Amino acid sequence: MNARTARRKRIIRVRTVEHQMAEANLARATGELASLVELSKRLEALRADLAVAKGAVAGRALNTIGELGVRLDMAKENLAAPLVNASVRRDEAGMVAQSAMVKEESAVRLYERSRKSAEAEMERRTDANRPHRRRAMSLRLLDGGAA
């Protein structure tokens with residue numbers, strides 16, 4: 001393995017680690033977004049379950065239900081911005097992961113090409129260093145006599 005091939009192998013290791021880190025960041029961003037979406041769904045479910053019972057209801061109960069509804073609505077509204085930010089972070093992490101994967105694949109292709117080139121060069125050099133085979137001395141006969 002020559003220096004160029006060794007350098008490209010080191011580059012592959014670096015690109016592989018970069019790709020793994022980008023994939024981990026993507027997974028983290030996806031998990032964060034999923035968590036926020038789940039929280040939003042739970043808030044919606046709580047708001048939907050918050051209903052006034054039929055019949056006579058005390059004023060305090062109505063006040064409490066109304067206040068709880070307002071708080072749930074505010075929580076849902078306050079969750080909108082983090083949802084958008086998490087979605088943007090996930091999209092950015094996806095692009096970074098895709099870019100890292102392309103760089104890793106490119107480094108692997110360069111390494112393979114360099115390795116094949118180094119093997120061909122080594123084979124050419126070993127062929128060049130091989131001693132030439134000399135033919136055995138032979139007499140050629142020309143028209144009836146020795147030359």
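Reader: What share of the residues in the chain is buried?

Author: This is a predicted model, and the chain has 147 residues. Counting a residue as buried when its relative accessible area is under 20%, the share comes to 16%.

Reader: Which elements does the chain have, and in what order do they run?

Author: There are 2 helices and 2 strands in the secondary structure. Reading from the N terminus, the order is α-α-β-β.

Reader: How far does α2 reach from its first C-alpha to its last?

Author: Helix α2 covers residues 59–129, which is 71 residues. At 1.5 Å a residue you'd expect 105 Å. The model comes close to that, with a reach of 103 Å.

Reader: What do the buried residues of α2 pack against?

Author: Among the buried residues of α2 are L72, L79, A86, A93, A97, A100, E104 and A107. In an α-helix, residues three or four places apart point the same way, because there are 3.6 residues a turn. The partner that the buried residues of α2 pack against is α1 (3–49).

Reader: And where is confidence lowest in the chain?

Author: The average pLDDT of the chain is 87, and 86% of the residues score at least 70. Confidence is highest in α1, at 93. At the other end, with a mean of 54, is strand β2 (residues 145–146).

Definitions and conventions: Residues numbered from 1 in each chain as written. Predicted model: local features only at pLDDT ≥ 70, side-chain atom pairs only at ≥ 80, totals over all residues. Heavy atoms only, no water. Helix = DSSP H or I, 4+ residues; strand = E, 2+ residues; numbered from the N terminus. Expected span 1.5 Å × (residues − 1). Buried < 20%, exposed > 50% of the residue type's maximum accessible area, 1.4 Å probe, protein only. Contact = heavy atoms within 4.5 Å. pLDDT = per-residue confidence, 0-100.
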